[in-house]
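Look over the sequence and the model, then read on.

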Amino acid sequence: MSQKTPRNFFKPLAIGAPDPMRELPIRLERMIHFVPPHLDKVRAKVPQMADQADVVLANLEDAIPADAKDAARDGAIEMGKMIDWQAKGTGFWSRVNPLNSPWFQEDVSRLVLEAGEQLDVIMLPKVEGPWDIHFADQYVAQLEAKAGLKRPILFHAILETAQGMALVEEIALASPRMQGISLGPADLAADRKMKTTRVGGGHPYYRVVDDPNEDGSKRESAQQDPWHYTIARMVDACRLAGINAFYGPFGDIADSEACEQQFRNAFLLGCSGTWSLHPSQIEIAKRVFSPAPDEVKFARRILEAMPDGTGVAMLDGKMQDDATWKQAKVISDLADLVSEKDPELAKAYAAD
Ligand SMILES: CC(=O)SCCNC(=O)CCNC(=O)[C@H](O)C(C)(C)COP(=O)(O)OP(=O)(O)OC[C@H]1O[C@@H](n2cnc3c(N)ncnc32)[C@H](O)[C@@H]1OP(=O)(O)O
Ligand SMILES: CC(=O)C(=O)O
Ligand SMILES: [Mg+2]
């Protein structure tokens, strides 16, 4: 047997560590806003970021120079204490350095021991397989026990190696700490030897071409989405495990239109949220990952047409049944969650 028995799966991994969660907390996580915590100027904006974003993340990994790793770690701990995250209802996460780096151990131990009460989620980069989650799981349980934490810290893995991709289901199922998985399109592209220098999004050379025209006129062609397979597979793995899938970074900060389209594709395929690297991407994510008022109103008409969720009904010429009731419930539940945080959208969802 290579897996734990069902009863053991939910036992704490260290004496004195909190019980693992059986159900994930239901939280609005439309965007995970990345903050470089070593920069005093940006760190000073954290309270403002916490007003705007659903999740604020202190990034310790890539994009933080090697000589600023200690300062970033100090800054992350300071961020944890800057506001009462739980009272505010904003998630506080940190992306630590990879398990094979010289920084992982200190990143995790200091975060858990010094900011463990504030920290909701540790984001683990470059996860290769369930063994990475198991190692971090045991280590964090030891630290939680030492810190006397009452609430377990959750894990979020980044899918950014071919091996991680091949084992994505096992990663998603590795521990009750797993909260979700994000696509890491930059590292994944490099590991797969994809020929791109972009961080996410489409590529003008990745396309299909129409058949030749008899008159020799120019053939139509259309760009394709190089991330479709990866995102769809990640969503399936996450939903199999009852956790959440997220798009990752969109690196062309200036191209808000392409960013919005990439986010929307991920939203439609089942992702709960995305990353925002720059303040301008917070608004884009908010717009995309909150359901549109028209969709919410139609979804609620479906729910009203079939109060017990069974049977068949016609709405505007479209057949509705138990399955579309479930689709409608996904949208309506998300709208309820958004409404708790966003009075303007709540009004738009309630308007006739
Ligand atoms: C592949 C991956 O791993 S992706 C994850 C790793 N990468 C990151 O985390 C990058 C995070 N983002 C950033 O570091 C920055 O946004 C950059 C480097 C991309 C661009 O920064 P800048 O060139 O300073 O952007 P810009 O000049 O438009 O910034 C406008 C303002 O927003 C601030 N700002 C920029 N990014 C952020 C941020 N992530 N959070 C809060 N404030 C920010 C700037 O400090 C600036 O403030 P100011 O007007 O008071 O001077
Ligand atoms: C998200 C990330 O780390 C990457 O794209 O490599
Ligand atoms: Mg990466």
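How many residues does helix H12 have, and how far does it reach from its first C-alpha to its last? Helix H12 (residues 256–269) has 14 residues and reaches 20 Å. That is close to the 20 Å expected at 1.5 Å a residue. The expected span is 1.5 Å times one less than the number of residues. Helices (H or I, at least four residues) and strands (E, at least two) are DSSP runs, numbered from the N terminus.

This is a predicted model: local features need pLDDT of at least 70, side-chain atom pairs count only at pLDDT 80 or more, and totals for chains, interfaces and linings use all residues. Residues are numbered from 1 along each chain as its sequence is written, chains are lettered from A and ligands numbered from 1 in the order in which they are written, and side-chain values use heavy atoms, with hydrogens and water left out.

**Helix H12**

Buried means under 20% relative accessible area, exposed over 50%, and partly exposed in between (1.4 Å probe, protein chains only). In H12, the buried residues are Cys-259, Glu-260, Gln-262, Phe-263 and Ala-266. Seen down the axis of H12, they fall within an arc of 165°, so they line one face of the helix. The arc is taken from the directions from the helix axis to the C-beta atoms. On the other side of H12, Glu-257 and Leu-268 are exposed. The cover over the buried residues of H12 includes helix H11 (228–241), strand E10 (274–276) and helix H13 (279–289). Gly-270 follows H12, and its phi is positive, near 125°.

**The cores**

A nonpolar core is a set of buried Ala, Val, Leu, Ile, Met, Phe, Trp, Tyr and Cys residues joined through side-chain atoms within 4.5 Å. The largest has 66 residues. Phe-263 and Val-108 are among those with the most contacts inside it. Contact means heavy atoms within 4.5 Å. Not counting residues up to four places away in sequence, Val-108 touches Val-96, Ile-122, Tyr-139, Val-140 and Leu-143.

Ser-109 lies in helix H6 (residues 104–115). Ser-109 counts as buried because its relative accessibility is 15%. Leaving aside neighbours within four places in sequence, Ser-109 is in contact with Tyr-139 and Leu-143.

**Ligand 1**

Ligand 1 is surrounded by 15 residues (a heavy atom within 4 Å). The closest are Phe-34, Lys-41, Lys-45, Leu-277 and His-278. The table gives polar contacts (pairs of N or O atoms within 3.5 Å).

| Residue atom | Ligand 1 atom | Distance |
|---|---|---|
| His-33, polar side-chain atom | nitrogen | 2.9 Å |
| Arg-95, polar side-chain atom | oxygen | 3.1 Å |
| Leu-277, backbone N or O atom | nitrogen | 2.8 Å |

How values were computed. A polar contact is a pair of N or O atoms within 3.5 Å; within protein, one must be able to donate a hydrogen and the other to accept it, and residues adjacent in sequence count only if both atoms are side-chain atoms.
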